[in-house]
Amino acid sequence: MKPLKKIPMFFHEVRTRPVPAIDRAQYSLVIAGDVQAPLQLTLDELENDSAIVDVTRRFYCVNGWSLEARWRGVLLSEFARRAKPLEGARFVTATSIGGYEDTSYLPELINGGALLATHMNGEPLSAERGFPVRLLLFDRYQFRGVKALTRLQFVRRYRPGAWVQYGYTDSRVQGYPHLAIDTGEEMMPPPDVLEAAVDVFSDF
Ligand SMILES: Nc1nc2c(c(=O)[nH]1)N[C@H]1C(S)=C(S)[C@@H](COP(=O)(O)O)O[C@H]1N2
Ligand SMILES: [Mo]
């Protein structure tokens, strides 16, 4: 049997429940807060934006794995430019449809090439991977990146996010060994492989 890779997928706000399906017609991304020009975008608008880019980059999970993929989306810097944050609004709070949130320092997002991604390896994001849009911070621990993103709020104050309460106050990647998933590698074993694995483990 092929060795199984740990399945890297996290959705704090839904835990053991299946990830809820999101209706693309109902969806919008709101970019607001302390800005001169708030924006509200539909998924069609995002997917057809004039500033779409493709990048192959890696994110890291603090739980010991990383995932590299080809991502398509619009740089957060582009939306910051359009929304025109007011003087002093140096942080961005990102919130998912289910209420997961984290706040990042705006210059760090801009300098790090943070992306609002709609596609992974040429396909729209799956529900598990954060459909319809995910905020990605590359080369960083990804608890700051928010899947199923629905709001970016420009704010003046940092607000600790979900993982800070577990003690993860620093999202810089540490030099520990970890499981690296590369572009195009299979990440989700098909159900029959998973079932076979359960049988193997239940022998113990
Ligand atoms: N909405 C939401 N986004 C989230 C999370 C979450 O629990 N909910 N977990 C974060 C963490 S800790 C990681 S490592 C990545 C996992 O992304 P993946 O499930 O595509 O591997 O999503 C990030 N974004
Ligand atoms: Mo994570």
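Residues are numbered from 1 along each chain as its sequence is written, while chains are lettered from A and ligands numbered from 1 in the order in which they are written. In this predicted model, local features need pLDDT of at least 70 and side-chain atom pairs count only at pLDDT 80 or more, with totals for chains, interfaces and linings using all residues; side-chain values use heavy atoms, leaving out hydrogens and water.

**View 1. The protein chain as a whole.** The chain has 204 residues, and 42% of them count as buried (under 20% relative accessible area; exposed is over 50%, and partly exposed is in between, with a 1.4 Å probe and protein chains only). Take the contacts (heavy atoms within 4.5 Å) between residues at least 6 apart in sequence: 70% of these join residues at least 24 apart.

View 2. On its own, ligand 1 has 540 Å² of accessible area, and the protein covers 99% of that (Shrake-Rupley method, 1.4 Å probe; for residues, only the protein chains shown count as cover).

**View 3. T93 in strand β5.** T93 sits in β5, which runs over residues 91–96. Is T93 buried or exposed? T93 counts as buried because its relative accessibility is 4%. Its side chain makes a polar contact with the side chain of T103, at 2.8 Å (N or O atoms within 3.5 Å; within protein, one must be able to donate a hydrogen and the other to accept it, and residues adjacent in sequence count only if both atoms are side-chain atoms). Beyond neighbours within four places in sequence, T93 is in contact with several residues, including E101, D102 and R151.

**View 4. Q36 in a loop.** Q36 belongs to the loop between β1 (29–33) and β2 (39–41). With 57% relative accessibility, Q36 counts as exposed. Q36 and A83 are 47 residues apart in sequence, but their C-alpha atoms are 6.2 Å apart in space. Neighbours within four places in sequence aside, Q36 is in contact with A83, K84 and L86.

Methods: Helix = DSSP H or I, 4+ residues; strand = E, 2+ residues; numbered from the N terminus.
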